[in-house]
Amino acid sequence: MSQHYKNFLSLLERWPVDKSKVGRDLGQYLRDQLTAVLGSSNIVAVKDDRLQRQFHSLENIVNDVNAKRYARTLKSTATGLTGEQCREVLSTDFLQILHNKKD
């Protein structure tokens, strides 16, 4: 099981944490899950093949495998916003502003 732990640690070193999404960031969630699953006493219950599939899927995401395979030709989205604008709109700060305006 130590090889799985090393693989996941290596993967998470390459996975950025988005500070603008406090409490909602996938990178932080994955780190928390790694601690919960691989650091727990029920580690024997985790299936080897399931961990390998999860690792491979996450590795594809962090290495942008599909983003490279299916490169986007347009710089805008369905909303008409750029990727950067979408990231700003989804930030915790912006969502807090919207929540405060609603009240």
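## Model and surface

Accessible areas here come from the Shrake-Rupley method with a 1.4 Å probe, and for residues only the protein chains shown count as cover. On that basis the accessible surface of the protein chain comes to about 8000 Å², and 56% of this surface belongs to carbon and sulfur atoms. This is a predicted model, in which local features need pLDDT of at least 70 and side-chain atom pairs count only at pLDDT 80 or more, while totals for chains, interfaces and linings use all residues. Residues are numbered from 1 along each chain as its sequence is written, and side-chain values use heavy atoms, with hydrogens and water left out.

## Fold and burial

The protein chain has 6 helices and 0 strands, where helices (H or I, at least four residues) and strands (E, at least two) are DSSP runs numbered from the N terminus. Read from the N terminus on, the elements follow the order α-α-α-α-α-α. Of the 103 residues of the protein chain, 17% count as buried; buried means under 20% relative accessible area, exposed over 50%, and partly exposed in between, with a 1.4 Å probe and protein chains only. Contact means heavy atoms within 4.5 Å, and among contacts between residues at least 6 apart in sequence, 62% join residues at least 24 apart.

## The nonpolar core

A nonpolar core is a set of buried Ala, Val, Leu, Ile, Met, Phe, Trp, Tyr and Cys residues joined through side-chain atoms within 4.5 Å. The largest one consists of 10 residues, namely Phe8, Leu11, Leu12, Trp15, Leu30, Leu34, Leu51, Phe55, Leu58 and Val62. Helices α1, α2 and α3 each supply at least two residues of this core, and the largest share, 4 residues, comes from α3.

Trp15, one of the core residues, touches Leu26, Gly27, Leu30, Arg31, Leu58, Ile61 and Val62 when residues up to four places away in sequence are not counted.

Asp25 lies in the loop between α1 (2-14) and α2 (26-38). Although Asp25 is buried, it has no salt bridge, a term that stands for a side-chain nitrogen of Lys or Arg within 4 Å of a carboxyl oxygen of Asp or Glu. The nearest side chain of opposite charge, that of Arg31, is 5.5 Å away; in this assignment Lys and Arg count as positive and Asp and Glu as negative, whereas His and the chain ends are not counted.

The side chain of Asp25 does, however, approach backbone atoms: one of its polar atoms lies 3.2 Å from the backbone nitrogen of Gly27, and the side chain reaches the backbone nitrogen of Gln28 at 3.1 Å. Leaving aside neighbours within four places in sequence, Asp25 is in contact with Pro16, Val17 and Asp18. Gly27 itself belongs to helix α2 and is buried, with a relative accessible area of 0%.

## Salt bridges

Side chains of opposite charge can pair when their charged atoms come close. By the rule above, the count comes to 3 salt bridges. In one of them the side chains of Glu59 and Arg14 meet at 3.8 Å, N to O, and this pair links distant parts of the chain, with Glu59 in helix α3 (residues 48-62) and Arg14 in helix α1, 45 residues apart. Glu59 counts as partly exposed at 24% relative accessibility, and Arg14 is likewise partly exposed, at 39%.

Another salt bridge joins the side chains of Asp49 and Arg53 at 3.5 Å, N to O; both residues lie in helix α3, 4 residues apart, or about one turn of the helix. Here Asp49 is partly exposed, with a relative accessible area of 45%, whereas Arg53 is exposed, at 52%. Glu84 forms a salt bridge with Arg87, with the closest N and O atoms 3.4 Å apart. Because they are 3 residues apart in helix α5 (residues 83-89), Glu84 and Arg87 are separated by about one helical turn. Glu84 is partly exposed at 42%, and Arg87 is partly exposed at 45%.

## A positive phi at Asp64

Most residues other than glycine have a negative phi. Asp64, which is not a glycine, has a positive phi of about 55 degrees. Asp64 lies in the loop between α3 and α4 (65-69) and is partly exposed, with a relative accessible area of 43%.

How values were computed
Polar contact = N/O pair within 3.5 Å; in protein donor to acceptor, adjacent residues only side chain to side chain.
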